Amino acid sequence: MRLIIDTDTAGDDTYSLLLAMRTPGSTLEAVTVCVGNVPFDQQVENALATIEAAGFSGKVPVYCGARRPMVKPWEASTMHGNDGMSGANLPLACQRPETIHAVDAIIERVMAEPGEIDILAQAPLTNIALAVMKEPRIVKAARHLWIMGGTDNSVGNITPCAEYNFFIDPEAARIVFEAGFNITLSTWTLTLRSSVFDADQLEEIFAMKTPLSEFYRKVSAVPRQTAEARYGRPMSTHPDSLTCACALNPALIESARDAVVRIETGGEITRGFSAIHPPVLGNRWPEYKVNARVIEQASNQGFFQMLKQALAADLRA
């Protein structure tokens, strides 16, 4: 598996990067940063700090991409603290970002080796949409596009109708889903079904006392507090790292369905809503083409073991 990860690096985004770097058989080709969770330059530093913490400093290039959504103003997420890292105060990484723009980096790398590279989009889809607009051939050249975003016709995590990534830039999401990529979608609905670590699982990670389990403990502090306040029990959610785990090990996917995914861009209440439905909706609707595979259930225990393995990595290796 060769991956480019497009990220708005904060909290769980970092564990996704750790999985891609520290899972045997996986190569993280590049990290591209997109507008999202926290101020843009902080996201870049978070990506660089994560790469350094994993022992990959200088081995994974980081590219800066879109600093704002396509249409409406950016809104920060409150899920991860002001710095996106729960105030972990990680040291400034030695590695610095590349000078080429992220959109150009995605195009160049994918077009240089058609059919070889998967893209994992775990941020608003602004960079991916801009890449499609600049070079439409990337749609067929990318081996697969894994997207974390939206909900499976259920309650969102930033509004009742929307998940954060699609809410921030639904125009970009619409472009991407209409472009013709080979897409697998991992939603916030799946997050709550399959990615939640309970108190016992969290204690198992904390007890490891490795450098990366300590990294996890520190960076997850604010999201854990937020989740406990929202859902009423000790827990941690992992939308991005679950998506990465499914990309690296598709055997984790226990059920999925082919569907039509359409993104609402104009609704006052429903902006960013992902309508997911079969190709035919009775006689009142035209026939739509399937444009994504939607994951319905994944192995929580399999995912947990994958992340534990990554967090246990010997950084001297």
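This report describes a sheet, several helices and a few single residues in a predicted model.

## The sheet

The strands form an open sheet of 9 members. Their order is β3-β2-β1-β4-β5-β6-β11-β9-β10, and the pairing is mixed. At the edges stand β3 (62-64) and β10 (274-277), each of which pairs on one side only. From one strand to the next, the twist averages 30 degrees.

Strands of a sheet pair through backbone hydrogen bonds, and the pairing is either parallel or antiparallel.

## Strand β6 and its partners

Strand β6 covers residues 183-186. On one side, 4 bridges join β6 to strand β5 (residues 144-148), and the two run parallel. W146 has T184 in β6 as its bridge partner. There are also 2 bridges between β6 and strand β11 (residues 292-298), again in a parallel arrangement. Here L185 is placed opposite V294 in β11.

Which residues of β6 point one way, and which the other? I183 and L185 point one way, while T184 and S186 point the other way. All of them are buried. In a regular strand the side chains alternate between the two faces of the sheet.

Helix α12 (residues 239-248) lies across β1, β4, β5, β6, β9 (253-263) and β11. Relative to β5, helix α12 runs at about 155 degrees. How many residues of α12 are buried? The count is 10 of its 10 residues, so the helix is mostly covered. Among them are P239, D240, T243 and C246.

## Two helices side by side

Two packed helices are described by the angle between their axes and the distance between the axes. For helix α10 (residues 211-219) and helix α11 (residues 221-231), the axes come within 4 Å and cross at roughly 50 degrees.

The residues of the contact divide into 3 nonpolar, no polar and 3 charged.

## Cysteines

How many disulfides does a search of the whole structure find? The search finds 0. C246 is one cysteine that is in no disulfide, and the nearest cysteine sulfur, that of C244, is 9.4 Å away. A disulfide needs two cysteine sulfur atoms within 2.5 Å.

C246 has a relative accessibility of 0%, so this residue counts as buried. C161 has a relative accessible area of 18% and is also buried, because the cut-off is under 20%.

## A buried glutamate

E171 lies in helix α7 (residues 170-177). Is E171 buried or exposed? Its relative accessible area is 17%, so E171 is buried. Leaving aside neighbours within four places in sequence, E171 is in contact with M70, V71, T265 and R271.

Key
Residues numbered from 1 in each chain as written. Predicted model: local features only at pLDDT ≥ 70, side-chain atom pairs only at ≥ 80, totals over all residues. Heavy atoms only, no water. Buried < 20%, exposed > 50% of the residue type's maximum accessible area, 1.4 Å probe, protein only. Axes fitted to C-alpha atoms, helices over the stretch in contact; angles between N-to-C directions. Nonpolar A, V, L, I, M, F, W, Y, C, P; charged D, E, K, R; others polar. Pairing = 2+ DSSP bridges. Contact = heavy atoms within 4.5 Å.
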